[in-house]
Amino acid sequence: MNDTVGRGQGQGAGLFATYDVPSSFCELMHRADPATPGLRCVRDRLAHFDLDELRRRTAAVEAQLYRLGITFTVYTDNQAIDRILPFDVVPRILTAAEWDHVERGVRQRVQAINLFLWDIYHDRHILRDGIIPSEMVLGNANYCSAMVGLDVPGGVYVHVNGTDLVRDPAGRFLILEDNARTPSGVSYVIENRHMMLRMMPDLASGLDIRPVDEYGPRLHRALAETAPQGVDDPQVVLLSPGIYNAAYFEHVFLAREMGIPLVEGRDLMVVDGRVFMRTVAGLSPVHTIYRRLNDDFLDPEVFNPDSLLGVPGLVNAYRRGNVTIANALGTGVADDKAVYAYMPRIIRYYLDQDPILDNVETHICAEKAGLDYTLANLEHLVVKPVGESGGYGLLIGPHATSAELDDFRARLMADPANYISQPVINLSVSPTLCPAGLEARHVDLRPFAVTGKDTWVLPGGLSRVALRKGSLVVNSSQGGGSKDTWVLAS
C-alpha cells in the first residue's frame with residue numbers, strides 16, 4: 001500500500017478497497033513521512049482484517065463496556081438513560097512529532113490560563129491595559145467574587161484542563177475551546193486503551209505506543225503538591241454529586257485510580273474553618289478536594305442555598321487557606337467562549353510568546369463588527385452560545401433550514417452577547433467501522449493536562465468521533481463515540 005493516496009479515491013486493497021476520503025485530512029491515510037513506520041504498519045495490518053471479525057470484536061467490546069458499567073447518562077432521553085460511549089476499534093494515531101507540537105501548545109495554554117486567572121482575581125493588570133474588555137470578565141456569569149484576593153497554592157487554578165482540538169484540511173491542529181472547570185472523559189481514554197490491548201492485540205503488537213496508565217498517580221501527585229502549606233501527607237478526596245450524575249462512572253474510576261476516598265457533600269463537614277471527612281473511626285481531616293460538581297452547588301452558604309450536594313462553610317475554609325479545591329472556584333471565566341477569542345492576546349500578554357496552537361477564527365457577537373459579520377454570513381458559520389457545552393444550543397449554518405436560520409437570527413439580535421460564531425471547519429476524518437465497512441468520520445481530540453508544581457499532558461487524549469455520516473458534532477450527548485488515541489513513542 002502506498003504511503004500517500006489521493007483524496008476522494010479508493011484506498012487500495014483489502015478492507016480499504018471501498019474507503020473513500022472526502023476533502024478532509026485523513027488521520028491514517030494522508031501521511032507521507034517515511035520516519036513513521038508505525039503508521040504504515042497499522043494501515044497494512046488493518047487492510048488485511050476481515051470485516052466480520054472486526055464487527056465481532058466490536059460487539060465483544062460493547063458487551064464488556066456494559067458489564068463494567070462504563071456508561072454516561074443522557075437525562076433528556078426517556079428511552080435509554082444509561083448508555084455506553086460507542087467505541088470504534090480503529091485507533092487514531094499521532095506521530096511523536098505531532099504529539100510534541102500538541103503537548104507544547106497545551107502546556108503553554110494552561111500556563112497562560114493560570115496567569116490570567118490569578119491576575120483577574122488580584123491586580124487586574126490585563127483589564128487595566130485594555131487587552132480584554134473588563135465587562136467581559138467582571139460581568140461574566142462565571143466570575144466568582146469569593147475568589148478575589150485569594151492566594152491559591154502555587155498559583156494553580158486549573159489543576160485539570162481539557163483542551164478541545166480539531167484538525168483542518170491542511171492537517172493543522174487548532175484549538176476549538178478550553179475546558180477549565182470540571183473537564184470529563186479521561187476515564188474513557190484509559191479504558192479505551194485497556195479495551196484495545198485486550199481486543200486488538202494483533203494490531204498493536206510490536207508498536208512503541210506511549211502508555212496512558214500514569215494518569216491516576218500523576219493527578220494524585222499534582223493534587224497533593226497543591227495542598228495547603230505545612231501538610232506533610234495531605235488527604236485528597238474526590239467530591240461527586242452522587243450516583244445520578246452523568247459522569248458518575250468516571251468519578252468512581254478516578255478515585256480508584258488515585259487510591260483516594262470518593263465522597264459526597266454529606267460525607268464532609270467544616271469545623272472551625274477546617275474540612276473533615278466522616279469515617280467509622282470519627283472525623284478525619286481533608287486537605288485537597290478534587291470536586292466534580294459546579295461552583296453553584298459547592299457551598300449553600302455562599303452560592304445556591306437550596307443545594308444539598310455541597311458542604312456548608314467550604315468556601316470559608318478555602319479562603320482561610322485550610323483546604324485546596326481543584327479546580328478552583330471561578331475558573332469558568334477562562335473557558336468562556338467569548339474569552340476564548342482573546343486567548344492569543346492573553347498568551348502574548350503574559351508569556352511574550354506567539355501561540356503554539358492557533359485558535360479557530362472567532363467572531364464575538366457582543367461586539368458590533370462580530371454581530372454584523374455573523375448576521376450577514378449566518379448560513380456559512382457555526383454559532384455557539386458562550387455558556388453552553390456538550391454541543392447544545394449551537395447552529396451549524398450550512399446544515400440549517402431557512403426556518404432555523406430565521407429563528408437563530410432572531411435569537412442573536414435579542415441577546416448578541418450570548419453568542420460567538422466561527423467558520424465551519426472541515427474537521428479531519430479517521431477510518432471508522434460502519435455498517436457497510438470502513439468509512440471516513442470526523443474526529444476531534446481532547447488532551448488532558450494535569451498541573452501541580454509543573455504541567456504534565458496525558459499522551460494522546462480522548463478522540464471523539466461523529467458516528468453519523470457527514471456530522472461535525474462529536475459530543476457523546478449528541479450521538480458521538482470514541483477511539484483509542486495512539487501516540488507513537490518514536
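Axes are lines fitted to C-alpha atoms, for helices over the stretch in contact, and angles run from 0 to 180 degrees between N-to-C directions. Helices (H or I, at least four residues) and strands (E, at least two) are DSSP runs, numbered from the N terminus.

This is a predicted model, in which local features need pLDDT of at least 70 and side-chain atom pairs count only at pLDDT 80 or more, while totals for chains, interfaces and linings use all residues. Residues are numbered from 1 along each chain as its sequence is written, and side-chain values use heavy atoms, with hydrogens and water left out.

**Stop 1: two helix pairs**

Select 368–376 and 402–414. These are helices H13 and H14, with axes 11 Å apart and a packing angle of about 170°. H13 and H14 are therefore roughly antiparallel to each other. Now show side chains. Leu371, Thr374 and Leu375 of H13 meet Arg409, Leu412 and Met413 of H14 (contact means heavy atoms within 4.5 Å). By class, this contact has 4 nonpolar, 1 polar and 1 charged residues. Ala, Val, Leu, Ile, Met, Phe, Trp, Tyr, Cys and Pro count as nonpolar; Asp, Glu, Lys and Arg count as charged; the others, Gly among them, count as polar.

Next, select 96–120 and 343–351. Here the axes of helix H3 and helix H12 come within 9 Å and cross at roughly 80°. H3 and H12 are therefore roughly perpendicular to each other. On the H3 side, the contact residues include Gln108, Ile113 and Phe116. On the H12 side, they include Met343, Ile347 and Tyr350. The contact of H3 with H12 has 10 nonpolar, 2 polar and 2 charged residues.

**Stop 2: two open sheets**

Two strands pair if DSSP finds at least two bridges between them. Start with the antiparallel sheet. Its 4 strands run in the order S14-S17-S15-S16, and the sheet is open. Strand S14 (363–364) and strand S16 (395–396) are the edges, each pairing on one side only. Select 419–423 for strand S17, which pairs with S14 over 2 bridges in the antiparallel sense. Zoom to His363: it stands opposite Ser421 in S17.

Move to the parallel sheet. This open sheet has 4 strands in the order S7-S6-S11-S12. Strand S7 (262–263) and S12 each have a single partner strand, so one side of each is left without a neighbour in the sheet. Strand S6 (residues 236–239) and strand S11 (residues 288–291) pair over 4 bridges in the parallel sense. Val236 stands opposite Thr288 in S11.

**Stop 3**

Most residues other than glycine have a negative phi, and most peptide bonds are trans. Select Ala326 and Asn327: a cis peptide bond joins them, with omega about -10°. Asn327 lies in the loop between strand S12 (324–326) and helix H11 (337–340). Then pick Asp272. It is not a glycine, yet its phi is positive, about 55°. Find Asp272 in the loop between strand S8 (268–271) and strand S9 (274–279).

**Stop 4**

On a 1 Å grid over the protein atoms alone, a cavity is a set of points where a 1.4 Å probe fits but cannot get out; a pocket is an open set with protein on both sides within 12 Å along at least five of seven lines; lining residues have an atom within 4 Å of a point. Grid points are joined across faces, edges and corners, and a volume is the space filled by probe spheres set on the points.

How many cavities of 30 Å³ or more are there? The count is 2. The largest cavity holds about 60 Å³. Select its lining, including Arg218, Glu225, Lys453 and Trp456. Helix H8 gives the largest share, 4 residues. The lining divides into 3 nonpolar, 2 polar and 5 charged residues.

The second largest cavity holds about 40 Å³. Select Val61, Leu65, Ile70, Leu85, Phe87, Tyr188, Asn192 and Met195 to see its lining. Helix H2 (51–68) and helix H6 (186–199) each give two or more residues. The lining has 7 nonpolar residues, 1 polar and no charged.

Finish at the second largest pocket, with about 280 Å³ of space. Of its 15 lining residues, Met136, Asn140, Asp336, Val386 and Ala417 are the closest to its centre.

Technical notes
Angles under 35 degrees count as roughly parallel, over 145 as roughly antiparallel, 65 to 115 as roughly perpendicular and the rest as oblique.
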